[in-house]
Amino acid sequence: MFQVRWKAAAPKLIERDAKALARRWKDRPAALRAIAEAVEGQSLPLLHAAPAYAAATEPQAGFFYLEQAKAMADFADLVASLAVRTRRAAPPLRSWTPELQQVQDRVIAAFQPPRSIDQHSDFIAINAQLKLARELDSGGLPAGALYTWLDAVQQFGTLEVQDPDEATRAKLGEQLAAARAELGAARRDDSIALLFVQRAEVRAGQGEWTRVRAIVEHVLPAYRAAMEGRPAGQRTPREEVRITLVRWPYT
Amino acid sequence: MSDPASLLAQEVALKYGGKVAFVSENFGASKLAERFGVIRYPALFVDDVLVARPRDFGFFAKGENEGRYTPWRNAESQAKFKADLGRMVELILAGKKDQLRREYQSAAADPPEQVAALPRFSLTDLQGKSLTAAEVEGRVVLVEFWATWCPPCRSTLEWLSALQRQHGDRIAVLALAVESPEEQVRATAAALPDLRIAIADAPAARSFGDILAVPTLFLFDRAGKTARILYGAPPDLHQQMEGPLKRVLQ
């Protein structure tokens, strides 16, 4: 039954994915494109993993991931269909490989005992986001890759920063207001960064100041630097040995 | 759990300044995993040598702490994983990939769940005839677990069919399909008339231990004792099985 359902669904999802990759985003907010791409990019990996998961565990698990693949495509379509326009200039989208590698290197360096044990699940979440960002980046989905990379920066930043004292909280509040004003007035479409400003505002209201601090001190500077240009120091691999990990896509 | 393995493997790779690349491939879309018949994750390869399977991390094992790197959420286990991986890389950089292959194929062939002798299974073949362990007693027995969706299995089935023709009654080759639709099993069987093919039910498959990969090939001598087990489809599978087969046939 699972195989029958999967075979019926697969060609449709593959066709939808091809159409999604060809979407035109002219005059559409970068934030919409970023969310749609980040979600769409997970649809086919989940589709292809579903039969393997059904075989390794039980058919119900395969159905779960097949339906998740469909849900990802549906949500991406919904986001892309929203009638929102912008007159601002599109952000300079490109490959974010250097930035991704920089964060990945920092995460690898930080994953040492006791943090590798005590914060095991946090690192799992961060690394899964970085992996997704790399897949989106190499798959020609740069807005989704940028958004997902910044999300990983936020998650890692939350592990790195201290809980701010009252004076620092007040200062963070001011910085957040200034960021909103700056980004809101920019000629460039900075709606991806504004998504994180919104997140920080919500977190501030909930008293989660380490998350606010991570966004203000890590995410927004990373976004600004990424908009200014490509960092130097890309690796030129001289590969002699390859280590391959075959893994579940997103955990 | 894949992500800690990913982070630790990347840390090892980084130490070699670009000589060692790390890649992650998605379950269900990995050609390397398909080639080796890996049906559970995570699996770790160094070049084309399968060096770690789920049970090494405590997954799909009989006990959570039976693997080489278990308990996985433990500093010592993770340090051992990094040390082992570093040593594997060093072997390849020193031109000793064959040594690595021997060590890890040997390890894979000798898991704790290995069956010591031909299990007392009882099945019905595709012709509706009874197929039991008692029926093949006194002969050299080759049992392959395979699946219709596994491309390397097709080649091993053809090779086994040729072996059956070559050795006649001296050997019994049993091809037991798992996780495959019956109509597809029958379609494959139609092209392989020399093979006894059956669909393995769960109790029969379990009686052979942990079938973590397809193909999984068992060789039993005339006394029914396990002579060799090969997991997956490494490029030299036929050569690896020919020596032990020759010995048990003598």
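1. In chain A, the C-alpha centres of domain 1 and domain 2 are 26 Å apart. Domain 1 of chain A covers 2-81 and domain 2 covers 97-228, the bounds coming from an automatic or database domain assignment. This is a predicted model, in which local features need pLDDT of at least 70 and side-chain atom pairs count only at pLDDT 80 or more, while totals for chains, interfaces and linings use all residues. Residues are numbered from 1 along each chain as its sequence is written, and chains are lettered from A and ligands numbered from 1 in the order in which they are written.

2. Between these domains of chain A, 11 residues of domain 1 are in contact with 16 residues of domain 2 (contact: C-beta atoms, placed from the backbone, within 7 Å). Helix α2 (residues 30-56) of chain A gives the largest share of the domain 1 side, nine residues. Helices (H or I, at least four residues) and strands (E, at least two) are DSSP runs, numbered from the N terminus.

3. Across the two chains, 37 residues of chain A are in contact with 46 residues of chain B. The elements of chain A that give two or more residues to its side are α2, α4 (97-110), α5 (115-118), α6 (120-138) and β1 (241-247).

4. Strands also link the chains: β1(A) runs parallel to strand β1 (residues 20-26) of chain B, joined by seven bridges. Val241(A) has Val20(B) as its bridge partner in β1(B). Strands count as paired if DSSP finds at least two bridges between them.

5. Chain B holds eight helices and 10 strands. Its radius of gyration, taken over C-alpha atoms, is 19 Å, close to the 18 Å that the globule rule (2.2 Å times the number of residues to the power 0.38) gives for 250 residues, so chain B is as compact as a globular protein of that length.

6. Leu219(B) has Arg228(B) as its bridge partner in β10(B).
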